[in-house]
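Have the viewer open as you read.

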Amino acid sequence: MSGEATVVEAALPVSLDRASAEPLAVQLAEALRTAAADGRLRSGDRLPSTRALAARLGVSRTVTAAAYEQLHAEGWIAGRHGSGTYVTTTPPGSLKSPARRAPAPEPVADFIDFAPGAPWAEGLDRAAWRRAWRAAADTLPLFRPQRGGLPEYRAVIAEHLLRHRGLAVRGGLREELVLATGGTTAALVELAAAVLGPDDVVALEEPGYQRAVGALRSARIKVVQTPVDEEGLLVDAVPAGVRVVYCSPAHQYPMGGRMSAGRRVALVERARREGWLVIEDDYDGELRYDIAPLPLLAALAPDVVVHLGTTSKILTPTLGAGWMVAPEPIAAAVLAHRERTGTSPSAAGQRVLVELARAGDLGRHLRRLRRELSERRALVVSALAEAGIAVLGDDAGAHVVVLLRDAQAERDLLAAAEARGLRLDGLGRHHAARPRVFGVAVGYGACSREQLTAALPVLVELLRAA
């Protein structure tokens with residue numbers, strides 16, 4: 001054993017409390033993790049074997065082996081064949097390397113973010129996240145672009161859609177109709193370029209997703225607004241002569257309604273009758289807490305529906321990965337456009353998602369996510385209901401809606417909330433035409449549970465005053 005290893009063994013900073021309810025393996029892992037974070041253990045230090053450390057601490061080898069296994073999974077230590085176990089480079093964000101911490105996206109440290117559209121990124125299992133990135137990095141780099149996306153990613157998405165959304169796309173050529181995308185907005189830009197022409201008109205929900213409006217208008221596509229109610233898009237209000245209808249039937253954004261089964265049937269029947277293409281934005285369809293979701297439009301009418309999904313709401317926008325399931329002519333047109341323009345969705349995020357799915361971490365995260373967001377929604381709705389404040393939106397997703405009487409009330413509430421350190425989102429900005437619905441969308445995914453609990457009384461006070 002080298003001199004350095006002997007020093008590390010002799011000075012190993014470990015103290016175990018056998019009277020504590022916390023398992024010894026957990027205590028040991030935490031002690032070594034802290035020592036590596038604060039610099040008492042350095043990158044390259046060799047640790048004693050599990051047998052030697054167990055003998056020194058007077059514990060079973062099972063304890064030391066479990067602690068080492070946890071630290072290895074988290075990336076703090078690594079084994080070298082025939083040599084031993086070593087401390088690795090300190091993981092980013094540790095006490096030892098504050099310079100590596102990712103900067104906050106915006107200087108809003110004093111604000112609690114109640115704006116909708118953000119995922120529960122805090123809930124990602126950090127060990128699983130690191131494992132997935134390491135495993136993804138172990139694959140060989142591509143030597144040619146995969147225009148439709150990595151085959152293994154497309155297979156994972158097909159399985160995900162079957163398990164979590166009831167959309168069967170496995171087997172034969174159907175799986176070829178699953179394309180990787182850079183997300184919902186990126187997919188809309190591609191569809192506009194590959195399928196639509198300057199004379200085509202697209203009907204969108206109003207209020208609705210304004211980035212979809214911006215993506216289409218940037219491609220010089222004419223957009224017309226179609227009103228929504230508590231059941232989503234009003235099918236009878238869609239004007240004649242449109243080429244495409246864009247909607248979010250599972251959880252209308254931002255109002256939170258769910259399109260009824262009868263209205264879904266009416267939409268696809270009219271689409272077939274009038275030659276529409278329906279774009280189904282399923283941005284958070286996995287997040288339903290009361291009953292099983294209704295069938296996807298793509299399941300009802302795969303011949304006229306393009307289904308869009310994204311990882312940005314169930315995991316994080318970091319991956320930059322989404323998917324499209326389209327009728328064969330549409331999928332072929334998108335692939336031809338990508339080949340013609342030399343564009344492809346990034347493979348890095350696809351590979352990470354594949355590894356999360358292979359290890360079972362994606363499924364575990366979705367179960368935790370549904371449980372956490374369901375509990376958060378119950379907290380928000382209960383607090384508002386006790387104050388006599390009505391809430392709109394199905395028992396789904398990561399936001400609720402509170403209506404206000406007019407535009408001035410909305411502006412006043414947003415300003416008051418900002419003064420109290422809360423970031424809310426007004427409904428006025430979700431209109432492409434003159435706003436007709438006013439209020440706030442209250443998101444509960446981005447903040448921590450502690451922030452949510454602490455800020456709820458302030459939120460209730462502000463809404464009651466409004």
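Helices here are DSSP runs (H or I) of at least four residues, numbered from the N terminus. Keep in mind that this is a predicted model.

With that in hand, look at helix H6, which covers residues 151–165. Arg163 and Glu159 join their side chains in a salt bridge, at 2.6 Å from N to O. They sit four residues apart in H6, so about one helical turn separates them. Arg163 is exposed, at 65% relative accessible area, while Glu159 is partly exposed, at 26%.

Now zoom out to what H6 lies across: strands E5, E11 and E12, with the helix running at about 75° to E12. Helix H7 (residues 184–194) lies across E5, E9, E10, E11 and E12, at about 150° to E11. These strands belong to an open, mixed sheet of eight, ordered E5-E12-E11-E10-E9-E6-E7-E8. Its edges are E5 and E8, each pairing on one side only. Further in, E6 and E9 run parallel and are joined by three bridges; Val202, for instance, has Val244 in E9 as its bridge partner.

Back to charges: the whole structure has 24 salt bridges. One of them pairs Asp394 with Arg258, with the closest N and O atoms 3.4 Å apart. That pair links distant parts of the chain, 136 residues apart: Asp394 is in the loop between H13 and E13, and Arg258 in the loop between E9 and H9. Asp425 and Arg429 form another, at 2.6 Å; Asp425 counts as buried at 6% relative accessibility, whereas Arg429 counts as exposed at 51%. Finally, salt bridges link Glu122, Glu372, Glu375, Arg376 and Arg449 into a network.

Key:
Residues numbered from 1 in each chain as written. Predicted model: local features only at pLDDT ≥ 70, side-chain atom pairs only at ≥ 80, totals over all residues. Heavy atoms only, no water. Pairing = 2+ DSSP bridges. Helix = DSSP H or I, 4+ residues; strand = E, 2+ residues; numbered from the N terminus. Contact = heavy atoms within 4.5 Å. Axes fitted to C-alpha atoms, helices over the stretch in contact; angles between N-to-C directions. Salt bridge = Lys/Arg side-chain N within 4 Å of Asp/Glu carboxyl O. Buried < 20%, exposed > 50% of the residue type's maximum accessible area, 1.4 Å probe, protein only.
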